[in-house]
There are 2 protein chains.
Amino acid sequence: MGDNNLLTAGMSMTEEQQAMPLRDAVFMSLRKAILTGKIKPGERLTEVKLGKILGTSRTPIREAIRLLEQENLVTIIPGSGARVSRMTVSDLQDVMEVRSALEQLSAGLACERITEQEKAELYEAYNAFVRSTQSEDSIMIADADVHFHNLILKAAKNQKLGKILDGLADNIYRYRYEFIREDGHYEDLIREHKELYEAVISGNREVAEKSARSHIARQWSYIREHLQEDAGE
Amino acid sequence: MGDNNLLTAGMSMTEEQQAMPLRDAVFMSLRKAILTGKIKPGERLTEVKLGKILGTSRTPIREAIRLLEQENLVTIIPGSGARVSRMTVSDLQDVMEVRSALEQLSAGLACERITEQEKAELYEAYNAFVRSTQSEDSIMIADADVHFHNLILKAAKNQKLGKILDGLADNIYRYRYEFIREDGHYEDLIREHKELYEAVISGNREVAEKSARSHIARQWSYIREHLQEDAGE
DNA sequence: CTTTCTATAACTGCATACTATATCAAAGTA
DNA sequence: TACTTTGATATAGTATGCAGTTATAGAAAG
């Protein structure tokens, strides 16, 4: 409890963050720290402390925290303070249900709106994904998977959908590698992607939606499985 | 241009807003002013001016504006200021597509999770809706409609879904009365609601989703129709 | 009359100062 | 011992000041 030096390690503002408003830099910085687990669920976010660490006044910190609350990454108790949100299994279930519906929508819209250019990109991404499964490196596989789905989302050409799905993705960010089996049996995963890829290319909305749904269902079952294991964290 | 006294009329902080942090009171106040059109799309929101009107300093105003940006009600241009968002037809289309998917989800989940108590409430709401159509008062009808759908959303028992749908509803708030026909022919509307009501009560997920979808589709077509009319506003 | 440049006013971004409130602990009371 | 009260401290809530940026109006040139 009160492990404040957990923060100091590796939390900073770098790169192109110079050009943007401070509040956004702080926001990204905090967001990253939360998503990567550098700041743990339940931990308190005090304005002055963070201000000292990041070298800013309280104002940008406050604004960043408000934004994080909107994404459900922190919970603010008025008058008291802000803490990193603790997600229950039930919360995650809610998120996954919504994600399922929206990934279906994404796949469905992509079927009807994808351009030739995007088809080529998707083809590339699909192949990259298949290749990644041979590496048996689950980080690489998960990243290739995310990229593949992002291309479909882009092809769907619905900004609102994109924004919402991005927000939902944050909620399960820390589990993103966990739905990859570790035993090297990726047939199902590849088959699903192949199905989805072909459906989108050929404009078969029904099949595309169905495989998007089963993809999320699989992901959720893996995450849930993992949650059982370390239930008493 | 620069009609600042548009704001003064009827914008204030009242009631139970006393008990909550100022930023939330300001947020609700501004939100209401935007949704009801008291502040018009494209209009500028300046911190000092609003502060004077609402009797607070700039800080709570700033924070409220950031929150409004999250809901897409205002657009912030860094360095410059905040303006009430101007929604294009394309933006609205995006919103309606997502809404359609999520209202379907809502109806579908409600089928499986509704309690006896909630069934009774829904029955009441359905009857109230039918009754309202006889009044031919489109405000009353729209409100009854919203209430009916909110009950279904509540029965779906998915908080995330609820939050997202609430946010989306804000985006089309100003059109909420416009999808009610003015000619007093509400048969279709009533039939849709009856279908949805019965499907949810009997747990027929497929039918429930279908009628939720067609309900949104109808709403969207009415809104779009109306948009044609005053295209050059 | 229109366009471009420039001076000025207005406003946001960030910081800091001040105030209200919540939390925690110690002391007192039943 | 358990419960309540009270006071000190930490922290969020709010206000304001300053600096730098952006918008704007007016003058000058075309």
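Domain bounds here come from an automatic or database domain assignment. The model is predicted.

**Exercise 1. Domains of chain A**

Task: Locate the domains of chain A and describe how they meet.

Solution: 
1. Take the bounds. Domain 1 of chain A spans 5-84, and domain 2 spans 89-229.
2. Take the centres over C-alpha atoms. Those of domain 1 and domain 2 of chain A are 29 Å apart.
3. List the contacts. Five residues of domain 1 of chain A touch five residues of domain 2 of chain A.
4. Class the domain 1 side. It holds two nonpolar residues, two polar and one charged.

**Exercise 2. Two helices of chain B**

Task: Determine how helix 6 and helix 9 of chain B are oriented, and which residues join them.

Solution: 
1. Get the geometry. Helix 6 (residues 116-135) and helix 9 (residues 187-202) of chain B pack at about 175°, and their axes lie 11 Å apart.
2. Apply the cut-off. Angles over 145 degrees count as roughly antiparallel, so helix 6 of chain B is roughly antiparallel to helix 9 of chain B.
3. Name the contacts. Helix 6 of chain B contributes residues including Leu122(B), Tyr126(B) and Phe129(B); among those from helix 9 of chain B are Ile190(B), His193(B) and Tyr197(B).
4. Class them. The contact has nine nonpolar residues, two polar and one charged.

Terms used
Residues are numbered from 1 along each chain as its sequence is written. Chains are lettered from A and ligands numbered from 1 in the order in which they are written. This is a predicted model: local features need pLDDT of at least 70, side-chain atom pairs count only at pLDDT 80 or more; totals for chains, interfaces and linings use all residues. Two residues are in contact if their C-beta atoms, placed from the backbone, lie within 7 Å. Ala, Val, Leu, Ile, Met, Phe, Trp, Tyr, Cys and Pro count as nonpolar, Asp, Glu, Lys and Arg as charged, and the others, Gly among them, as polar. Axes are lines fitted to C-alpha atoms, for helices over the stretch in contact, and angles run from 0 to 180 degrees between N-to-C directions. Helices (H or I, at least four residues) and strands (E, at least two) are DSSP runs, numbered from the N terminus. Angles under 35 degrees count as roughly parallel, over 145 as roughly antiparallel, 65 to 115 as roughly perpendicular and the rest as oblique.
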